[in-house]
Amino acid sequence: GTMSPNALLAEVFFYFKWLAVLANVFLGLCIVFYTKRGGRYLLEKEKVAFFIAHPDDEALFFVPTLSTIMQRSKENRFLLCISSGDYEGLGEKRKSELQNSTKAFGFRPNNVEIIDRSELKDGPTNAWDPSLLSSVMTEFIDRHKITLAITFDNHGVSGHNNHKAIREAFTKVLSDRPDLKAYELVSTNIIRKYLSVFDAFLFTPIAYVLFGDLEKDLIYYAPSFTATFTAMLSHPSQFVWYRILFVFFSRYAYVNTLQKFHATRSIGESDPKHLEKMKGE
């Protein structure tokens, strides 16, 4: 005979519950395997700095990494935001939101800096001068004695010109500071980018077991499925409907893949060794 609606709902809930349990177990295994492997590259003695373009970049793209390395040595964690995010005239509000966000992550207030200069205004069509940008970042690195930097790769995840400008300028930073260790957040093709947990827990492990370099690449998983959503609550002015969708469907809400910075690679080039790199975008 046919099931009653209540019986059908009960059965669906039963399977959903066990699926959730298995997903959390798998998440735990991923965290232990990959984070423990990568953890030795971000030692407590390292002074780690994140370089982002806009307030909310840290919440949209870097939560898995931040959640991991902010667990210890908070006094050795730094963040430099190149603009105030004033593209829509909300610069002061967005600066306050970033301060709230970094505080929630555990950053010391004196370790977070927001640049607000007319030459480095937020905007997808605004060209940031690489020489000026590299000098701003180098000054921050020298002042805080940074030993390891994390930033965007040559596509900047979303393709935003401000993200790519940071990456371009960083090539000069590394030429001037060759002892600085640096990692870039790997951009994926658009299909993988929006496969959400399926990319995080299926394609990413497979790609890096088969094609990655687990001795050099770092993979960090978010501590929970809601970590990025919670982080974006610190940015109410930016948490509009399409960013809510981004948080739920983006792989970057659940996993970060970092690779050693390739100073000689120009914008638009891809690294054939990694499945993570851009293909045809």
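How many of the five residues of strand 4 are buried? The model is predicted. In it, five of the five residues of strand 4, residues 148–152, are buried, so this strand is largely enclosed by the rest of the structure. The cut-off for buried is under 20% relative accessible area.

**Pairing of strand 4**

Strand 4 pairs with strand 1 and with strand 5. The table gives both pairings.

| Partner of strand 4 | Residues of partner | Sense | Bridges |
|---|---|---|---|
| Strand 1 | residues 48–52 | parallel | three bridges |
| Strand 5 | residues 181–185 | parallel | five bridges |

Ile150 in strand 4 has Phe50 opposite. Thr151 has Glu184, in strand 5, as its bridge partner. From strand 4 the chain crosses through helix 6, residues 161–176, to strand 5. This β-α-β crossover is right-handed.

**The nonpolar patch**

Which residues make the nonpolar surface patch of about 900 Å²? They are Ile190, Ile191, Tyr194, Trp241, Tyr242, Leu245, Phe248 and Phe249. Two elements give two or more residues each: helix 7 (190–193) and helix 10 (241–249). Helix 10 gives the most, with five residues.

Tyr242 is found in helix 10. Is Tyr242 buried, exposed or partly exposed? Its relative accessible area is 42%, so Tyr242 is partly exposed. That class lies between the buried limit of 20% and the exposed limit of 50%. Patch residues need over 30% relative accessible area.

Conventions: Residues are numbered from 1 along each chain as its sequence is written. This is a predicted model: local features need pLDDT of at least 70, side-chain atom pairs count only at pLDDT 80 or more; totals for chains, interfaces and linings use all residues. Side-chain values use heavy atoms; hydrogens and water are left out. Patches are made of residues with over 30% relative accessible area and no salt bridge: like charges are joined within 9 Å, nonpolar side chains (Val, Leu, Ile, Met, Phe, Trp, Tyr) within 5 Å. Accessible areas come from the Shrake-Rupley method with a 1.4 Å probe; for residues, only the protein chains shown count as cover. A salt bridge is a side-chain nitrogen of Lys or Arg within 4 Å of a carboxyl oxygen of Asp or Glu. Helices (H or I, at least four residues) and strands (E, at least two) are DSSP runs, numbered from the N terminus. Buried means under 20% relative accessible area, exposed over 50%, partly exposed in between (1.4 Å probe, protein chains only). Two strands pair if DSSP finds at least two bridges between them. A crossover is right-handed if, with the strands pointing away from the viewer, the path from the first strand over the helix to the second runs clockwise.
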